[in-house]
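Subject: Structure for you to look at

Hello,

Please find the structure below. My notes on what was found in it come after.

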Amino acid sequence: MAEPMGFYTDTTVCIGCKACEVACKEWNQLPSTNGGVNTLSGDSYDNTRRLDGTHWRHVKFIEQFTESRVDGRWLLMSDVCKHCVHAACLEVCPTGAITRTEFDTVVIQSDACNGCRDCIAACPFGVIDINPVSGTAQKCTLCYDRLQAGMEPACSKACPTQSIQFGTIKDLHGRAEKRVEQLHQGGEKRAYLYGADEKMLGGLNSFYLLVDKPEVYGLPPDPKMPTRNLASGSWFSVLGAVLIGLIGIFNFRDRGARAEGEEERR
Amino acid sequence: MNTVPSSTFFSAPPEWGWLIALYFFFGGLAGGSYFLASLIDLFGRSQDRPLSHLGYYIAFPCIAISGLLLTVDLGRPERFWHMLIESNTYRPLFKPWSPMSIGSWALMIFGIFALVSFLGALADAERIPWPAWRKVHPPSLLGRFIAVIGGVFGFYVAGYTGVLLTVTNRPIWSDTPLLGLLFIVSAASTSAALMILLAEKSRWTMPGLLDLHRMDAWVIALELIVLIAVMVSLGPVLRAWLNAWGLLLLFGVIGLGMVLPLALYWRSEKRGEQNMTTTAALVLIGGLILRLVIVFSAQGV
């Protein structure tokens, strides 16, 4: 197995140019318009709005302005699949279409997926959606085809500010920690890494440098695995079956016997 | 967005809609009716036999409809078999930790049991001229065996759907471990209601019908307790129901489908006459609305 590969995204240097979105669409041959209709959001420079089956990269524009708009800032973040080490989508997928590659990335095989959409409900980040062209669930593959050919993913290659960096996870962790230290020394004390350590789903192979709470970026503060509920949910169901069984037996056997006894007495 | 009650609010909706809500309803009816039929076969009186036949007559068509609904709902319906067989190796695929994976197997196995018992019931009632099929129907040993195993699978099919919703990261669904329990209890109450409705329509008067009616009242009372437990277990997430869905849950499910049937039951119990049809119809409608609310209320958040 090759070394685990991933993305480190430094949101502080993202300029919102969306070159990553375009590069992703070009390489992966994703349609650029929604059936020829280019819908504008109307209230933001962000017209992509969310990750879905035909948008595997999405630059989020978070506008933090005061009421008078005298003071404010843009938070820009290029969102993508997190390629979780403990991946919720892979865990629930009933067809085996979602696999882990030799690069420790998570890929949906479109020819095996049957569009049941369990992975969409399972992903804690809302990354996956159905691609209407294929009828299957799709998301970022971390350019698996390029990786196999020894190339870097299209988005990080296209990023002009090195906000999206590609490399081995070990190397990226080192770079990210240095950058956090540099920002802290420069006075930006809010800088921290999201998903870099193993506490979050075993580690995100696409992790982020953020300067505000995760919720502000639309990221879950405490993402969990779907199977956390499997044992408790199953045992409560067994309890339900036992209770119904007892109620049934009580109503049919006990009363049945009593009724027959009454008939005999008559 | 800064004050969401749970990390589940950052996931995306899977667009499971009408087809899935209806599947939950029909799957519950299939599993519940089969279970009730086997219960009547094993513990009921001999004159209740037509009632158990009725349960098997309901179970098979309902599970067949369920399979159809699930297949049509897929993005690629022609690949429905990928749920059971790995498409590139043609080996069976079984992931015990994925409710949809085991559920697909359970659905298939239960479907076979439902078909066998359906034919057994038809033969037992002499509606088809295949006397050999009587052997798969109780009281024969084989028939009892089939009824018990099929009943267990019926419960599984009725309950796994709730666990399936719980094993996701969607708000409401994955914020309580009680949906499987709720669906199993609801499957029992709606199945008893449907059997009562059809039996009343045929003007049957066997004593088991009253037992079933009384049992349904017990089950609805249990269902009400479970639904309240679901709400309590949701904690701060409960505010996701502060909308039209919550109102529908309160008036459509709890009011119309639980409290009113219970009140009607107790009133007629006092008077000594039973209006089972109205009560059963209300329970059935309440069960359907329950599935709709559970499925759709987690879509918009």
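**Where the chains meet**

In this model, 56 residues of chain A are in contact with 57 residues of chain B; two residues are in contact if their C-beta atoms, placed from the backbone, lie within 7 Å. The model is a predicted one, in which local features need pLDDT of at least 70 and side-chain atom pairs count only at pLDDT 80 or more, while totals for chains, interfaces and linings use all residues. Residues are numbered from 1 along each chain as its sequence is written, and chains are lettered from A and ligands numbered from 1 in the order in which they are written.

On the side of chain A that touches chain B, at least two residues each come from helix H2 (88–92), helix H3 (118–122), strand E6 (129–131) and helix H7 (230–265) of chain A. Helices (H or I, at least four residues) and strands (E, at least two) are DSSP runs, numbered from the N terminus. H7(A) gives the largest share of that side, 21 residues. By class, the side of chain A that touches chain B has 28 nonpolar, 18 polar and ten charged residues. Here Ala, Val, Leu, Ile, Met, Phe, Trp, Tyr, Cys and Pro count as nonpolar, Asp, Glu, Lys and Arg as charged, and the others, Gly among them, as polar.

**A sheet in chain A**

Chain A has an open sheet of four strands in the order E8-E1-E10-E9, with mixed pairing; two strands pair if DSSP finds at least two bridges between them. Its edge strands are E8 (164–168) and E9 (192–194) of chain A, each pairing on one side only. Strand E1 (residues 5–10) of chain A runs antiparallel to E8(A), and five bridges join them. One bridge partner in E8(A) is Ile164(A), which is paired with Thr9(A).

**Helices in chain B**

Helix H5 (residues 179–201) of chain B has 23 residues and reaches 32 Å from its first C-alpha to its last, close to the 33 Å expected at 1.5 Å a residue. That expected span is 1.5 Å times one less than the number of residues. Of the 23 residues of H5(B), 19 are buried, so the helix is largely enclosed by the rest of the structure. A residue is buried if 20 or more other C-beta atoms, placed from the backbone, lie within 10 Å of its own. Arg203(B), which follows H5(B), has a positive phi, near 55°.

Regards

Technical notes: Buried ≥ 20, exposed ≤ 12 C-beta atoms within 10 Å, placed from the backbone.
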